[in-house]
Amino acid sequence: MTRPACLHDFELAAREQMSHMAFEYVSGGAGDERTLSWNTEAWNDIRLRSRALIDVLSLDTSIELLGRRMSHPVLLAPTAYQKLIHPEGEVATARGASDASASMIVSSFSTSSIEDVAGAATSPLWFQLYIQPDRGFTKELVQRVESAGCEALCLTVDTPVLGARYREARTAFRLPDGLTRVNLSGMQHVAANAAHRPQEGAIYSAVLDPSLTWKDVEWLRSVAKVPVLLKGIMDPDDATLAVESGVDGIVVSNHGARNLDTVPATVTALPRVVEAVGGRVPILVDGGVRRGVDVLKALALGASAVLIGRPYLYGLAVEGSAGVSRVVRTLRTELEMAMALTGRTTIGAINSSVLWT
Ligand SMILES: Cc1cc2nc3c(=O)[nH]c(=O)nc-3n(C[C@H](O)[C@H](O)[C@H](O)COP(=O)(O)O)c2cc1C
């Protein structure tokens with residue numbers, strides 16, 4: 001195969017290199033994978049306006065998010081079990097992210113400890129939190145990731161239970177011996193390598209709390225010293241409740257189409273969430289972002305930044321940390337091209353007028 005040039009190429013190359021179980025785990029979605037298709041298709045359904053004769057010699061992709069300057073608006077979404085994909089797992093990802101000046105959100109289900117990841121990262125790290133049934137343990141985990149230098153918490157709120165993921169079921173997905181959710185070890189009653197999937201016929205997982213409510217968001221805000229964002233908001237009513245609960249940001253996400261099949265694409269939900277939030281907190285979006293033009297469209301629709309999930313895992317599979325870095329750099333370069341061709345020299349200049357409506 002020729003050298004991967006764009007994010008789709010990385011997926012094709014990764015399919016050749018990853019074990020069947022790992023590829024099915026990463027690439028799969030829930031149910032009949034309708035939302036999985038929509039997540040990418042819906043970006044493609046939006047048309048852009050190209051503009052002529054605008055001086056675009058100097059382009060600036062930098063943004064400010066939660067008081068931090070970032071050199072571009074692409075962050076790495078939290079994804080579990082990266083040592084399934086590369087022996088150095090999240091540590092290699094952190095190196096690649098830093099090399100491409102991208103912030104990385106480390107999953108609660110990472111297979112490298114937060115301290116090891118922090119040791120490898122020079123770009124900002126955030127931590128994705130699954131509140132555990134044991135709140136005492138969860139509080140200690142929050143303090144631990146804050147001490148490690150995580151600058152924000154992304155509380156995932158779209159997963160009281162996992163979706164029907166048939167590719168995981170068909171490949172009898174399990175963590176290979178030696179891999180554990182290291183950040184969750186020490187929790188009573190739950191082995192660090194216990195399956196995240198429930199037994200056949202059951203729906204609840206030992207490492208997800210199905211009883212979470214807005215009260216727990218309040219609780220988390222009371223124990224956290226860093227900003228708290230909610231990840232997995234799709235409904236404008238939930239977005240309103242999120243802002244009222246005092247969170248610092250929202251990630252519009254359908255969990256990479258891995259939970260509830262036939263929910264809309266995230267870009268379909270984004271405008272309504274933006275309207276409900278009315279600029280009170282920053283909104284990020286993930287799901288199916290594969291091209292620089294997708295990033296431009298997200299920003300045009302009111303997002304402050306985007307997250308990518310699968311693409312950097314494919315980069316990690318193919319070229320390790322260099323692959324992660326190349327995936328992010330490719331997206332950034334494509335964003336710069338899209339900015340130049342739509343006549344926008346700064347991120348602030350990207351608004352709905354770039355869309356062909
Ligand atoms: C293999 C894999 C593992 C994931 N693990 C987590 C996780 O541990 N926590 C979480 O909040 N989201 C998780 N997600 C969802 C991602 O954070 C993100 O929402 C999604 O991947 C974005 O869509 P994309 O893959 O189309 O870019 C995971 C996604 C994938 C593909």
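Predicted model: local features only at pLDDT ≥ 70, side-chain atom pairs only at ≥ 80, totals over all residues.
Student: How do I judge the overall form of the chain?

Tutor: Compare the radius of gyration with what a compact globule would have. For 357 residues that would be near 21 Å, and the chain has 19 Å, which agrees. The C-alpha trace spans about 65 × 50 × 40 Å along its principal axes.

Student: What share of the residues counts as buried?

Tutor: Of the 357 residues, 50% do. Contacts tell another part of the story: among those between residues at least 6 apart in sequence, 70% join residues at least 24 apart.

Student: How is a pair of packed helices described?

Tutor: Two packed helices are described by the angle between their axes and the distance between the axes. Take helix α4 (residues 89-99) and helix α12 (residues 310-342): their axes come within 6 Å and cross at roughly 25°. Angles under 35 degrees count as roughly parallel, so α4 is roughly parallel to α12.

Student: Which residues in α4 and α12 meet?

Tutor: Among them are Ala92, Thr93 and Arg95 in α4, and Tyr312, Leu316 and Gly320 in α12. By class, this contact has 7 nonpolar, 6 polar and 2 charged residues.

Student: And the ligand: how many residues surround it, and which are the closest?

Tutor: The ligand is surrounded by 22 residues, and the closest are Ala77, Ser107, Gly256, Gly309 and Arg310. The shell divides into 8 nonpolar, 11 polar and 3 charged residues.

Technical notes:
Residues numbered from 1 in each chain as written. Near = placed C-beta within 6 Å. Nonpolar A, V, L, I, M, F, W, Y, C, P; charged D, E, K, R; others polar. Axes fitted to C-alpha atoms, helices over the stretch in contact; angles between N-to-C directions. Helix = DSSP H or I, 4+ residues; strand = E, 2+ residues; numbered from the N terminus. Parallel < 35°, antiparallel > 145°, perpendicular 65-115°, else oblique. Contact = placed C-beta atoms within 7 Å. Rg over C-alpha atoms; globule rule 2.2 N^0.38 Å. Buried ≥ 20, exposed ≤ 12 C-beta atoms within 10 Å, placed from the backbone.
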